[in-house]
Amino acid sequence: ITRTLCSSAVRNAAIKHVTVIGGGLMGSGIAQVAAVTGHSVVLVDTSEDILKNSAKNIQGSLKRVVKKKFADKPEAGEEFVQKVMNNISTSTDAASVVQKTDLVVEAIVENLKVKQALFSTLDKVAPAHTIFVSNTSSLPIADIASSTARLDRFGGLHFFNPVPMMKLVEVIKAAGTSQQTFDALLDFTKALGKHPVSSHLIQHCFSLRTLQASLLSGFMNEVCHGSKEDIDVAMKLGAGYPMGPFELLDYVGLDTSKFIIDGWYEKEPENPLFAPSPLLNKLVAEGKLGKKTGEGFYKYK
Ligand code: CAA
Ligand code: NAD
């Protein structure tokens with residue numbers, strides 16, 4: 001926690017009020033870091049039950065953070081958690097809450113048509129100055145932005161999971177994104193205490209994502225020949241990875257991983273690294289989506 005709530009940096013910034021759409025793994029994390037750094041946040045999802053769960057997850061994550069930062073001052077830690085939670089409100093009606101927002105961060109399902117439908121609706125009701133961004137892992141920002149009439153105020157912010165821990169954010173400048181928007185997104189990323197890297201030259205193949213998708217799908221196809229446990233242990237103990245590739249797939253979510261890999265396969269069907277994985281498809285069909293559902297490649301308590 002390097003920044004104080006409602007810091008002067010946020011008071012003077014172009015982006016003070018943030019609407020995060022999607023209260024899953026990524027949206028909850030993005031809402032959390034924005035609230036911790038003094039932004040006023042509205043978190044949107046499709047039902048009150050999902051939003052209750054999002055709030056519970058944010059609180060759980062904040063408690064992990066304050067356990068260390070306020071180790072000798074537990075009361076101050078509790079007060080901090082409460083203050084952060086006070087910066088977050090929730091809604092199931094995106095169209096009504098975007099009317100007061102400076103930035104909309106979309107973190108819903110990795111599906112182009114669903115994202116376009118959302119942005120097309122919001123474009124008609126959001127104020128002219130509002131910037132739209134997608135946290136997409138694999139879809140070209142320009143394709144999502146094409147559903148709106150604000151190409152100059154549309155970009156990408158690609159956060160990494162878990163958002164409260166991962167410092168990197170890819171800031172994506174699509175062909176239509178204005179320099180003013182791009183600069184505001186860089187400033188916002190820094191205000192969150194994150195490290196931005198600019199991906200405007202490689203917007204169709206964010207370097208990290210491509211590497212990850214290749215690596216992950218390559219490993220996944222290996223599972224027919226070796227054990228996932230051995231591959232995970234080898235990568236952790238032999239290559240210094242914090243998580244093995246199968247653990248990471250479970251952590252990212254197998255549904256999201258499948259969307260990403262299927263998208264790459266559609267674009268490059270001849271590339272063996274993106275070939276469909278029968279095992280991944282089977283797990284997703286069974287609703288075993290990884291850590292978030294309690295089972296994926298591994299089982300979780
Ligand atoms: N919120 C707050 N704190 C957290 C946290 C969270 N969600 N997750 C971990 N922490 C902190 C806590 O302080 C925790 O200590 P406590 O258990 O005492 O609370 C500490 O980190 C260590 O955590 P763990 O003991 O659970 O495990 P770890 O040492 O392996 O660290 C990790 C966890 C940081 C997630 C680490 O395993 C890691 O870096 N894994 C790789 C993550 C990665 O590669 N992410 C990118 C995914 S790909 C992507 O995001 C892009 C895409 O488009 C798909
Ligand atoms: P998730 O499945 O955990 O959460 C998605 C949430 O969006 C769900 O709560 C769902 O109810 C909600 N939602 C779906 N449609 C909606 C709509 N029309 N309006 C409001 N809410 C809606 O997914 P996630 O892992 O948080 O991924 C979200 C986005 O972030 C995807 O585009 C994904 O590619 C990207 N991303 C994911 C990761 C990761 O590691 N999981 C990392 C970086 C980027």
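Where is N135 found, relative to β5 and α7? In this predicted model, N135 sits in the loop between β5 (131-134) and α7 (141-145).

N135 is buried, because 25 other C-beta atoms lie within 10 Å, and 20 or more are enough to count as buried. Leaving aside residues up to four places away in sequence, N135 touches M26, I30, V105, E106, A107, L157, H158 and F159. L168 gives another reference point. N135 and L168 are 33 residues apart along the chain. Their C-alpha atoms are separated by 13 Å.

Now step back to the whole chain. The protein chain is divided into domain 1 (8-202) and domain 2 (208-293). The C-alpha centres of domain 1 and domain 2 lie 26 Å apart. Where the domains meet, seven residues of domain 1 are in contact with ten residues of domain 2. On the domain 1 side of this contact, two residues are nonpolar, four are polar and one is charged.

Next comes ligand 2. Which residues come nearest to ligand 2? Of the 27 residues around ligand 2, they are G22, G24, M26, S137 and N161. α2 gives the most, with three residues. The shell around ligand 2 also draws at least three residues from each of domain 1 and domain 2. By class, this shell has 13 nonpolar, eleven polar and three charged residues.

M26 links the two parts of this tour. M26 is one of the residues that N135 touches, and M26 is also among those nearest to ligand 2.

Methods. Residues are numbered from 1 along each chain as its sequence is written. Chains are lettered from A and ligands numbered from 1 in the order in which they are written. This is a predicted model: local features need pLDDT of at least 70, side-chain atom pairs count only at pLDDT 80 or more; totals for chains, interfaces and linings use all residues. A residue is near a molecule or strand if its C-beta atom, placed from the backbone, lies within 6 Å of it. Helices (H or I, at least four residues) and strands (E, at least two) are DSSP runs, numbered from the N terminus. Ala, Val, Leu, Ile, Met, Phe, Trp, Tyr, Cys and Pro count as nonpolar, Asp, Glu, Lys and Arg as charged, and the others, Gly among them, as polar. Domain bounds come from an automatic or database domain assignment. A residue is buried if 20 or more other C-beta atoms lie within 10 Å of its own, exposed if 12 or fewer, and partly exposed in between; C-beta atoms are placed from the backbone.
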